[in-house]
Amino acid sequence: RDDARVLARIVSEDPTVGALDEVDEAVADGLPVRGAELLARGALPAARRQAERLEPVRLGTPEGRTLRRRLLDAYRARADALEQYRQALRRGEVEDLALVEALGAQRRAEDDIAAIAAEIEALVGGGV
């Protein structure tokens, strides 16, 4: 349960989600290059910092270590997907196969993070 609390705190303090809101707004306004700039200055560094923050964490149980590894993999996948997204937006096209692929990769990473976060929350809330 202590391991889950450590991971829950890290997940709850993830700055990436808020930074992505600005990017989404720029893209919705038809400003993909601006979205790429916002990604480069905000969401992408935040995503990388979140993964870096988890790297040195050492947990005491095999279950905790497994959750940490899965979460770290998902955070790294998200950072990679955001870099792909940034590169696609830099081209200025909002309807582009590379953009669709980058968004798909980002969505899969976010879904993985959400699923792992739900497992962690169940452990914290479930008294395990």
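Q: Which residues in helix 1 and helix 4 meet in this predicted model?

A: From helix 1, the residues are D3, L7, I10 and V11, and their partners in helix 4 are G64, L67, R68, L71 and Y75. By class, this contact of helix 1 with helix 4 holds 6 nonpolar, 1 polar and 2 charged residues.

Q: Why is helix 1 called roughly parallel to helix 4?

A: Let's set the value against the cut-off. The two helices pack at an angle of about 15 degrees, with their axes 9 Å apart. Angles under 35 degrees count as roughly parallel, so helix 1 is roughly parallel to helix 4. The crossing of helix 1 and helix 4 is left-handed.

Q: What makes helix 1 and helix 3 roughly antiparallel or roughly parallel to each other?

A: Here the angle is about 165 degrees, and the axes lie 11 Å apart. Angles over 145 degrees count as roughly antiparallel, and helix 1 and helix 3 are therefore roughly antiparallel. Helix 1 passes helix 3 in a right-handed crossing.

Q: Which residues of helix 1 and helix 3 meet?

A: L7, R9, I10 and V11 come from helix 1, while Q50, R53 and L54 come from helix 3. Sorted by class, the contact of helix 1 with helix 3 has 4 nonpolar, 1 polar and 2 charged residues.

Q: What does L71 touch, leaving out residues up to four places away in sequence?

A: L71 touches L7, V11, L54, I113, I116 and I120. Of these, L7 and V11 are in helix 1, and L54 is in helix 3.

Q: How far apart are L71 and A109 in sequence and in space?

A: They are 38 residues apart in sequence, and 9.7 Å apart in space from C-alpha to C-alpha.

Q: What share of the protein counts as buried?

A: Of its 128 residues, 42% count as buried. L71, with a relative accessible area of 0%, is one of the buried residues.

Q: How many helices and strands does the protein have, and in what order do its elements run?

A: There are 5 helices and 0 strands. From the N terminus on, the order is α-α-α-α-α. The C-alpha trace spans about 50 × 25 × 25 Å along its principal axes.

Q: What share of the contacts between residues at least 6 apart in sequence join residues at least 24 apart?

A: That share is 74%.

Q: How do you know where the confidence of this predicted model is lowest and highest?

A: Helix 2 (residues 16-28) has the lowest confidence, at a mean of 90, and helix 4 (residues 62-90) has the highest, at 96. For the protein, the mean pLDDT is 92, and 98% of the residues reach 70 or more. Where pLDDT is low, predicted coordinates should not be read in detail.

Technical notes
Residues are numbered from 1 along each chain as its sequence is written. This is a predicted model: local features need pLDDT of at least 70, side-chain atom pairs count only at pLDDT 80 or more; totals for chains, interfaces and linings use all residues. Side-chain values use heavy atoms; hydrogens and water are left out. pLDDT is the predictor's confidence in each residue, from 0 to 100. Helices (H or I, at least four residues) and strands (E, at least two) are DSSP runs, numbered from the N terminus. Axes are lines fitted to C-alpha atoms, for helices over the stretch in contact, and angles run from 0 to 180 degrees between N-to-C directions. Angles under 35 degrees count as roughly parallel, over 145 as roughly antiparallel, 65 to 115 as roughly perpendicular and the rest as oblique. A crossing is left-handed if the near helix is turned anticlockwise from the far one by less than a right angle, and right-handed if clockwise. Contact means heavy atoms within 4.5 Å. Ala, Val, Leu, Ile, Met, Phe, Trp, Tyr, Cys and Pro count as nonpolar, Asp, Glu, Lys and Arg as charged, and the others, Gly among them, as polar. Buried means under 20% relative accessible area, exposed over 50%, partly exposed in between (1.4 Å probe, protein chains only).
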